[in-house]
Amino acid sequence: IESYNGAVTVGGVPAPLLIVSNAGVWFQTPAEVLSGPTAVVVKDAAGSSHEWPIEVRAASPGIFAVTHANGSLVTQTSPAEGGEVLVAWATGLGRAQSDDGTGQAAPLNRLVTLKNSITAMIGGALTDVVWSGLAPGYVAMQEVLIRVPQGLPSGTWGLRLAVFGDAGGGYGLAIR
């Protein structure tokens, strides 16, 4: 990021940059931006982009990875098991019960829970959410601890998180 000489604004508010690469610019939508229609503008040494219209929502769940409690990825060769508590690494789950500012890493010395009630579904059936909150030490990353139901047949099952009844995209979860 140090070599990137630009900025992103959402609704005119500067957005913290998370990753800048040849593939794109990843940023955190500032908490100050209210839900509803707005625009994103990218600026660099060559100038400003046109305004890209977007819809900011109170939540828009997305899962990036799922790990076992020891931090290893859940994969086809290391599947989840019934009764196991997994960590779904996500974003878009809404605001946290904290006044920590946009662009700040979640504290390492205390857990910060989310304000919204999160539901999780495996194969379309509700499953237990043990806890949901900010991922300690990370910016714009959230964790949801879920318990895998007992008795599911082996295979790949769709895992989805929902906020306000609005489910995000599915994540293929290998279960043994």
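Ala140 comes out as partly exposed, because its relative accessible area is 25% and that label covers values between the buried cut-off (under 20%) and the exposed one (over 50%), taken with a 1.4 Å probe and protein chains only. Its phi is positive, at about 65 degrees, even though Ala140 is not a glycine. The residue sits in the loop between E12 and E13; strands (E) are DSSP runs of at least two residues and helices (H or I) runs of at least four, numbered from the N terminus.

All of this comes from a predicted model, in which local features need pLDDT of at least 70 and side-chain atom pairs count only at pLDDT 80 or more, while totals for chains, interfaces and linings use all residues. Residues are numbered from 1 along each chain as its sequence is written, and side-chain values use heavy atoms, with hydrogens and water left out.

Phe164 is another non-glycine residue with a positive phi, here about 55 degrees. Its place is the loop between strand E14 (155-163) and E15, and it counts as exposed because its relative accessibility reaches 60%.

Strand E15 (residues 166-167) includes Asp166, which is partly exposed at 27% relative accessible area. Leaving aside residues up to four places away in sequence, Asp166 touches Arg57, Ala59, Pro61 and Leu161, a contact being heavy atoms within 4.5 Å. Asp44 is 122 residues from Asp166 along the chain, and their C-alpha atoms are 35 Å apart.

As for ring pairs, the structure has one aromatic pair. Trp89 and Tyr138 make it up, in an edge-to-face arrangement with 5.9 Å between centres and 70 degrees between planes. Trp89 belongs to strand E9 (residues 85-91) and Tyr138 to the loop between strand E12 (129-134) and strand E13 (142-147), so the pair links parts 49 residues apart in sequence. To count as a pair, rings of Phe, Tyr and Trp (its six-membered ring) need centres within 6.5 Å; planes under 30 degrees apart are stacked, over 60 edge-to-face, and the rest tilted. Trp89 is buried, with 19% relative accessibility, whereas Tyr138 is partly exposed at 46%.

Zooming out, the chain has 16 strands and zero helices. Its C-alpha trace spans about 55 × 35 × 30 Å along the principal axes, and 35% of the 176 residues are buried. Among contacts with a separation of 6 or more, 51% are between residues 24 or more positions apart.
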